[in-house]
Amino acid sequence: MRLNEHPILDFSLRRGREVTIYFEGKPVKAHEGETISMALHAAGIRVLSHSSEKHRPRGLFCAIGKCSSCLVKVNGIPNVRSCITLVEDGMRVEMQKGKEELPKTAKPPEWKDAPKFEGDVVIIGGGPAGLMAAINAADAGARVILIDEQPMLGGQLVKQTHKFFGKREQFAGVRGIKIAEILEEEARKRENIQIFLETSAVGIFQEGDEKLVIAVRKNRELLEFRGKSLVVATGAMEKMIPFENNDLPGIYGAGAIQTLMNTYGVKPGDRVLIVGAGNVGLILAYQLIQAGVEVKAIVEAMPKVGGYFVHAAKVRRLGVPILTRHTILRAEGRERVERAVVAQLDENWRPIPGTERVFDVDVIALAVGLRPSVELLHQAGCQLLYIRELGGHVVRRDERLETTISGIFVAGDTAGIEEATTAMLEGKVAGIAAALKAGVASPDWLKEIEKAQRDLEEFRSGPFGRHVLEGIKKVMIGGSE
């Protein structure tokens, strides 16, 4: 079901020309500019594939191309990520059933003589950190290449309808969707920034004095990018928690639901249970209500709400119960979620028999945290440490966000899970530092790095930033392990 009315968003301005795709041979209406999985969800189709061994149904989970739940066959080609592949008129989409083979008639892409692009700074990731890195590196005098595997720039910002906290110069009082527009406009108006969308980086290598990034555009074309320095701002991916039937279609990461609703105007379901009462779960609750979706409850394993009081108070005023010391036991349903069973936890985090509650829902939203996407950094040989306070494995780096490999910098959620404001500030630091490393920025730009570092320190000075600062101390080059 498509959303046609929304208190904040006007989807009529976003939807392109109507086209027709075919799912399992049946016509499905879609719009240019939307992805396959969004079009299928709008048509009520939730099961996209089946697992290879037990043939269990699979559906959308992360909606950002970082898991394998939504793989489909497109025009006979298997293993296509339906969440980041745009629809095309006449496209044939089939449900994937376990392990699929390439058809013998399929013509492989031409890998020889890949187009080559050179710049001073290459940036992987077009979210808040990557965009700020590109803008600042360009202003510092660098020729910048910015690549992102999504069909649009902005990362998590494009789905955030709430207003940001902080200082005015850090977009306080501005909605995330508007910040994405501002940053994209700033990036596109700089002639020394080249932007490549629908382009997935698959490897980082050293070639002489340059960093070589190998990427694939639209699953068809191999590209090579070279730069004197590199910023990796690949963001994060949703965490999963163990419970019975946690693979059923209708179980989504919180970000996937925001993508459905706020980016593409598709209603994720009618009745939702949210797991996790941090800021993401609380914000998601009132975003769902904005879209006309009933939120049955929010369950939280901790004894108290983890997010800001202002968000929790708003959700409670809207009539949504927040059940602390509760967890989800199982999802129920045949081909998709039909119910969720939760229970209270004792002091040892074990479910208390007899406290089970059943919620009739068609969506379970997991807002249980993110983990940094460090796969490319790992492949490149950067030193990793597991830092609980930062969300998982992160790379060691110095105050300018340079990793243990000279010329490779990190920023945003890739460096540790925080907020979009810190991601933008880190992007500024990393972008300028990368331009300095490339030898194209003047020493005067050191003042801008120092200012951004002071702003970061101030933003992290609140109670929610203390654990982050502890994690950063552990991961800093020269810090304690």
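1. Start with the buried side of H5: in this predicted model, Gly 281, Leu 282, Ile 283, Leu 284, Ala 285, Tyr 286, Gln 287 and Leu 288 of that helix are buried. The cover over them comes from several elements, including helices H4 (254-263) and H6 (309-317). Strands S18 (271-275), S19 (294-300), S20 (322-324) and S24 (363-366) are also among what covers them.

2. As for its length, H5 runs over residues 279-290, so 12 residues by the usual span rule, and reaches 17 Å from first C-alpha to last, close to the expected 16 Å. After the helix comes Gly 292, with a positive phi near 80°.

3. Now have a look at H8, residues 420-437. Its 18 residues reach 25 Å between the first and last C-alpha, close to the 26 Å expected at 1.5 Å a residue. H8 is mostly covered, with 16 of the 18 residues buried. Here too a glycine follows: Gly 439, whose phi is positive, near 80°.

4. H8 has a partner in H9 (residues 446-459): the two axes come within 9 Å and cross at roughly 160°. That angle is over 145 degrees, so the pair counts as roughly antiparallel. The crossing of H8 past H9 is left-handed.

5. If you want to click through that contact, the H8 side is Thr 421, Thr 422, Leu 425, Glu 426, Lys 428, Val 429, Ile 432, Ala 433 and Leu 436. From H9 come Leu 446, Glu 448, Ile 449, Ala 452, Gln 453, Asp 455, Leu 456 and Phe 459. By type, the contact residues divide into 10 nonpolar, 3 polar and 4 charged.

Conventions. Residues are numbered from 1 along each chain as its sequence is written. This is a predicted model: local features need pLDDT of at least 70, side-chain atom pairs count only at pLDDT 80 or more; totals for chains, interfaces and linings use all residues. Side-chain values use heavy atoms; hydrogens and water are left out. Helices (H or I, at least four residues) and strands (E, at least two) are DSSP runs, numbered from the N terminus. Buried means under 20% relative accessible area, exposed over 50%, partly exposed in between (1.4 Å probe, protein chains only). Axes are lines fitted to C-alpha atoms, for helices over the stretch in contact, and angles run from 0 to 180 degrees between N-to-C directions. Angles under 35 degrees count as roughly parallel, over 145 as roughly antiparallel, 65 to 115 as roughly perpendicular and the rest as oblique. A crossing is left-handed if the near helix is turned anticlockwise from the far one by less than a right angle, and right-handed if clockwise. Contact means heavy atoms within 4.5 Å. Ala, Val, Leu, Ile, Met, Phe, Trp, Tyr, Cys and Pro count as nonpolar, Asp, Glu, Lys and Arg as charged, and the others, Gly among them, as polar.
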